[in-house]
Amino acid sequence: MAAPLLIITSASTSASAPAPASASAYKRWQMVSVYSFAHFIVDFACAFLMFRYIAGTPDAYLCVLLYNFCAFAMQMPIGIIADKLNRNNLLATIGCFLVGLAHALVSIPVTAVIFAGIGNALFHIGGGVDVLNISEKKLGPLGVFVSPGAFGIYYGTMLGRGSALSANAVPLVIIVAMCAIYTVYKSQKGAYPKNAAFSLEGAGAPDMLISAVCLFLVVCLRSFLGLALDFSWKSAGHWGTALICAVVFGKTIGGFIADRFGAFKTALISLAIATILFLMPHIPAASVAAVLMFNMTMPITLWVMAKIMPGAKGFAFGLLTFGLFLGFLPVYLGVDVSQFISWIFALISAASLAILLTGLRRARL
């Protein structure tokens with residue numbers, strides 16, 4: 001789940017015996033690793049396309065909106081299809097293919113960004129639901145899956161603006177990602193995780209509905225803050241890279257810490273610390289730490305929403321990415337919060353804290 005773009009051998013067993021825990025863990029992390037690698041590649045390819053071919057064109061402003069709409073808002077209806085189709089790996093593979101195909105359509109910018117955006121959405125839903133299915137009671141795998149997207153966007157943007165990387169290399173790496181996804185699917189030997197029968201039963205109960213609304217609002221705020229962050233020292237030294245690392249590793253460790261201490265305590269402590277540190281925007285180390293803490297709740301919101309809708313994980317995933325799109329719109333339309341930097345980020349973090357804790361209490365997970 002990356003941020004919107006602006007101009008993310010075991011011993012054999014009998015057929016009836018359950019697989020050893022070590023074998024199951026190995027297969028689980030094999031799948032998570034492949035999808036995480038593919039996540040980096042897909043987001044890298046999309047960012048590379050936007051900055052190598054789209055930026056600076058007459059249709060660039062429209063293309064940015066179209067890409068983000070297709071990549072994030074479209075995940076909600078695609079999620080319903082994924083829930084009912086029960087072929088998550090196929091959707092992820094098709095998504096990779098469409099992203100690669102977009103690079104062959106750059107002479108028609110609008111068409112290229114639509115293909116790239118829909119491909120991105122298909123991959124995220126396919127990969128995201130598969131990871132949710134194998135995560136069971138754990139948040140760690142989900143944090144690992146969502147985190148590489150920020151690296152992908154960062155390096156795709158950087159190399160897309162330059163000329164060091166040949167454009168021909170990107171589709172080739174996309175093919176590698178597709179092959180890796182297919183290989184993991186085949187390696188499961190009939191044990192590939194299945195979707196639950198599609199159902200929204202229970203999600204409309206008052207507590208669950210309030211919780212879902214809270215989670216949705218938190219994602220909207222996180223998206224806006226992530227795009228609005230603009231520190232005066234960001235381009236000095238290696239602080240820009242440090243900020244990206246904070247985003248990535250915040251999402252990664254957030255899932256593991258929640259597994260150890262619980263989602264509620266993790267959200268409370270991480271967002272409380274982030275709120276305090278955001279009050280020191282002119283101190284680079286404090287701001288980097290704030291960004292890391294703020295992003296630790298990413299896997300929590302996804303995991304809890306999926307628990308609210310266990311029979312519609314794709315829809316749950318897509319609902320939150322629609323929140324990412326809504327959070328992108330104010331920045332896209334030119335909202336500038338730079339003059340309020342001394343307190344606006346702290347306010348958003350504090351609001352996220354209050355809203356998320358309310359959602360977690362209502363979900364009773």
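Close-up 1. At 57% relative accessibility, R364 counts as exposed, where exposed means over 50% relative accessible area, buried under 20% and partly exposed in between, with a 1.4 Å probe and protein chains only. The model is predicted, so that local features need pLDDT of at least 70 and side-chain atom pairs count only at pLDDT 80 or more, while totals for chains, interfaces and linings use all residues. Residues are numbered from 1 along each chain as its sequence is written, and side-chain values use heavy atoms, with hydrogens and water left out. R364 forms a salt bridge with D207, the closest N and O atoms being 2.5 Å apart; the term stands for a side-chain nitrogen of Lys or Arg within 4 Å of a carboxyl oxygen of Asp or Glu. Because R364 lies in the segment after α15 and D207 in helix α9, this pair ties together parts that are 157 residues apart in sequence.

**Close-up 2. The network around D207.** D207, R362 and R364 are linked in a network of salt bridges. Between the side chains of D207 and R362, the N to O distance is 2.7 Å. D207 lies in helix α9 (residues 206–228) and R362 in helix α15 (residues 344–363), so the pair ties together parts that are 155 residues apart in sequence; helices (H or I, at least four residues) are DSSP runs, numbered from the N terminus. D207 is partly exposed, with a relative accessible area of 24%, and R362 is partly exposed at 34%.

**Close-up 3. The pair D230 and K234.** The structure holds 3 salt bridges, and one of them joins D230 to K234, with the closest N and O atoms 3.8 Å apart. D230 is partly exposed at 47% relative accessibility, and K234 is partly exposed at 32%.

**Close-up 4. The buried residues of helix α10.** Helix α10 covers residues 239–261, and its buried residues include L243, I244, V247, V248 and K251. The buried residues of α10 pack against α6 (140–146), α7 (148–161), α11 (263–277), α12 (284–295) and α13 (298–308), contact being heavy atoms within 4.5 Å. After α10 comes G262, whose phi is positive, near 100°.

Close-up 5. A search of the whole structure finds 0 disulfides, a disulfide being a pair of cysteine sulfur atoms within 2.5 Å. For C46, the nearest cysteine sulfur is that of C96, 9.6 Å away, and C46 is buried, with a relative accessible area of 1%. The sulfur of C214 is 12 Å from the closest cysteine sulfur, in C220, which is too far for a bond; C214 is buried, at 9% relative accessible area.

Note on methods:
Helices (H or I, at least four residues) and strands (E, at least two) are DSSP runs, numbered from the N terminus.
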